[in-house]
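Come along and check each entry against the picture.

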Amino acid sequence: MFTHGGISAERVISSKQKGKIEINIDAPYIAGVRFYFDTEKIANDGMLTRDGAHVKVKKCLPLEKYLIWIATPDILRMSENTTPRIFAEKSDAIFFEKFSVFLPRDTCS
């Protein structure tokens, strides 16, 4: 499932780490990896599907063909002990600097 530059994926990870649903995007969590894909290429190759609310990948996505960049705490030069908001916003800012691609924020954040 793609988040279009939002914080949803970080919310899922934060919830998984805590063993309960965590909606506070400023609550501490341990950041991992944030993936940035070429969704236009994925769509043009017929690899996308929708479930009514989300855009998802059909079957399996070959990373070498569609992955543009990854963000990790090491790459961002920050501690893995952070918050979903900080990790997502810093990741998106660096992605924009590198690739000049605007990522809209989730309206639910």
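Are Tyr-36 and Trp-69 buried or exposed? I found that both are buried (under 20% relative accessible area; exposed is over 50%, partly exposed in between, with a 1.4 Å probe and protein chains only).

A note on my source: this is a predicted model, where local features need pLDDT of at least 70, side-chain atom pairs count only at pLDDT 80 or more, and totals for chains, interfaces and linings use all residues. Residues are numbered from 1 along each chain as its sequence is written, and side-chain values use heavy atoms, leaving out hydrogens and water.

**Entry 1: rings.** I searched the whole structure and got 5 aromatic pairs. Rings of Phe, Tyr and Trp (its six-membered ring) pair if their centres lie within 6.5 Å; planes under 30 degrees apart are stacked, over 60 edge-to-face, and the rest tilted. Tyr-36 and Trp-69 make a tilted pair, with 5.4 Å between centres and 45° between planes. Tyr-36 is in strand 2 and Trp-69 in strand 5, so this pair ties together parts 33 residues apart in sequence. (Helices, H or I with at least four residues, and strands, E with at least two, are DSSP runs numbered from the N terminus.) Tyr-36 also stacks with Phe-95, at 4.3 Å centre to centre and 15° between the planes. Phe-95 sits in helix 5, 59 residues away from Tyr-36. Ring pairs join Tyr-36, Trp-69, Phe-95 and Phe-99 into a cluster.

**Entry 2: the core.** I looked up the largest nonpolar core and found 9 residues, including Tyr-36, Trp-69, Leu-76 and Phe-95. Such a core is a set of buried Ala, Val, Leu, Ile, Met, Phe, Trp, Tyr and Cys residues joined through side-chain atoms within 4.5 Å. Strand 5 and helix 5 are the elements that give two or more residues to it. Apart from this core lies another of 6 residues, among them Ile-42 and Val-55.

**Entry 3: charges.** How many salt bridges does a search of the whole structure find? I got 5, each a side-chain nitrogen of Lys or Arg within 4 Å of a carboxyl oxygen of Asp or Glu. Arg-34 bridges to Asp-92, with the closest N and O atoms 3.1 Å apart. The two are 58 residues apart, Arg-34 in strand 2 and Asp-92 in helix 5, and both are buried. Glu-10 joins Arg-34 and Asp-92 in a network of salt bridges. Asp-51 and Lys-56 meet at 3.0 Å, N to O; Asp-51 is partly exposed at 42% relative accessibility, and Lys-56 is partly exposed at 31%.
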